Amino acid sequence: NLPSTKFTCQLDAQGLNFSCNGYGHGVGMCQYGAQDLAKAGKNYREILKHYYRGVEIGIIEGAGF
């Protein structure tokens, strides 16, 4: 039930503590991470393939786009 998948985990004397950064939308792409990749020069295709491994990006013929 964490609000984001961007979190850190630390073990201390009181147990295991999770710290979240941001709020997720449930689709598996970190907005901050995607922004960092873009700032590093990655294009949208490279960013999508980073988060959604094994996908193919292309045009769907006859889809009306």
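Helices (H or I, at least four residues) and strands (E, at least two) are DSSP runs, numbered from the N terminus. By that rule, Arg-45 lies in helix α2.

This is a predicted model, in which local features need pLDDT of at least 70 and side-chain atom pairs count only at pLDDT 80 or more, while totals for chains, interfaces and linings use all residues. Residues are numbered from 1 along each chain as its sequence is written, and side-chain values use heavy atoms, with hydrogens and water left out.

Start with the overall plan. The protein has two helices and two strands. Along the sequence they come in the order β-β-α-α. Buried residues (under 20% relative accessible area, with exposed over 50% and partly exposed in between; 1.4 Å probe, protein chains only) make up 9% of the 65 residues. The accessible surface, from the Shrake-Rupley method with a 1.4 Å probe, comes to about 5,700 Å². Carbon and sulfur atoms hold 53% of that surface. Contact means heavy atoms within 4.5 Å. Among contacts between residues at least 6 apart in sequence, 8% join residues at least 24 apart.

Now the strands. Strands pair if DSSP finds at least two bridges between them. Strand β1 covers residues 7–12 and strand β2 residues 15–20; the two pair in the antiparallel sense over six bridges. They form a hairpin, with two residues between them. Cys-9 has Phe-18 of β2 as its bridge partner. Leu-11 stands opposite Leu-16 in β2. How many of the six residues of β1 are buried? The number is zero, so β1 lies largely in the open.

The surface also carries a nonpolar patch. Such patches are made of residues with over 30% relative accessible area and no salt bridge, joining nonpolar side chains (Val, Leu, Ile, Met, Phe, Trp, Tyr) within 5 Å. A salt bridge is a side-chain nitrogen of Lys or Arg within 4 Å of a carboxyl oxygen of Asp or Glu. Here the members are Leu-2, Phe-7, Leu-11, Leu-16 and Phe-18, with about 510 Å² of accessible area together. The elements giving two or more residues to this patch are β1 and β2.

Next come the helices. Helix α1 spans residues 31–39, and its buried residues are Gly-33, Ala-34 and Leu-37. Seen down the axis of α1, they fall within an arc of 100°, so they line one face of the helix. That arc is taken from the directions from the helix axis to the C-beta atoms. The face turned away from the buried side carries exposed Gln-31 and Lys-39. The cover over the buried residues of α1 includes α2 (44–51). Just after α1, Gly-41 takes a positive phi of about 100°.

Finally, return to Arg-45. This residue is partly exposed, with a relative accessible area of 37%. Arg-45 and Glu-56 are eleven residues apart along the chain, and their C-alpha atoms are separated by 9.4 Å.

Note on methods: Patches are made of residues with over 30% relative accessible area and no salt bridge: like charges are joined within 9 Å, nonpolar side chains (Val, Leu, Ile, Met, Phe, Trp, Tyr) within 5 Å.
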